[in-house]
Amino acid sequence: RATVVGGAPNYTYKGASGLVETRLQLDCYADTYLAAKTAGRAAEASITAKRFVQGNTKFSGGFKNAERDDFSAPADGADKQHRVMLDINLWHGAAS
């Protein structure tokens with residue numbers, strides 16, 4: 001699951017740079033710790049340090065800011081699961 005938890009435009013001494021930094025929290029749930037960690041690594045590899053254009057948005061890179069592990073019941077009340085939480089800073093702007 002991906003959740004946007006914050007973001008702000010980037011500024012230089014000359015004003016707005018045209019880039020936005022968005023902070024994402026990626027939650028990877030699984031029945032075992034190894035499976036959750038493997039899913040977290042795959043999610044991280046798919047988004048970090050990649051450059052691509054999607055529609056009208058140019059993504060200039062994603063960088064892991066933090067990682068946490070947890071073992072708890074999800075909000076929907078299901079059985080306890082292992083969770084790997086990744087905080088990713090994602091840089092993007094308008095495609096030219």
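1. Leaving aside neighbours within four places in sequence, Arg83 is in contact (heavy atoms within 4.5 Å) with Arg1, Asp27, Cys28, Tyr29, Ala36, Arg68, Asp69 and Asp70. Arg83 lies in strand β5, strands being DSSP runs of E of at least two residues, and helices runs of H or I of at least four, both numbered from the N terminus. With a relative accessible area of 16%, Arg83 is buried, a term that means under 20% (1.4 Å probe, protein chains only). Its side chain and that of Tyr29 are joined by a polar contact of 3.3 Å; such a contact is a pair of N or O atoms within 3.5 Å, where within protein one must be able to donate a hydrogen and the other to accept it, and residues adjacent in sequence count only if both atoms are side-chain atoms.

2. This is a predicted model, in which local features need pLDDT of at least 70 and side-chain atom pairs count only at pLDDT 80 or more, while totals for chains, interfaces and linings use all residues. Residues are numbered from 1 along each chain as its sequence is written, and side-chain values use heavy atoms, leaving out hydrogens and water.

3. Five strands form an open sheet in the order β1-β2-β5-β4-β3, with antiparallel pairing; two strands pair if DSSP finds at least two bridges between them. β1 (2-12) and β3 (52-54) stand at the edges with a single partner strand each, so one side of each has no neighbour in the sheet. From one strand to the next, the twist averages 35 degrees.

4. Helix α1 (residues 33-47) packs on this sheet and touches β2 (15-30), β4 and β5. Its direction makes about 5 degrees with that of β5, where axes are lines fitted to C-alpha atoms (for helices over the stretch in contact) and angles run from 0 to 180 degrees between N-to-C directions.

5. β4 (residues 57-72) and β5 (residues 81-94) pair in the antiparallel sense over 14 bridges, and Lys58 stands opposite Gly93 in β5. β1 and β2 pair over nine bridges, also in the antiparallel sense, and form a hairpin with two residues between them.

6. The largest nonpolar core has twelve residues in all, including Leu24, Phe59 and Leu90; a core is a set of buried Ala, Val, Leu, Ile, Met, Phe, Trp, Tyr and Cys residues joined through side-chain atoms within 4.5 Å. β2, α1 and β5 each supply at least two residues of this core.

Notes: Buried means under 20% relative accessible area, exposed over 50%, partly exposed in between (1.4 Å probe, protein chains only).
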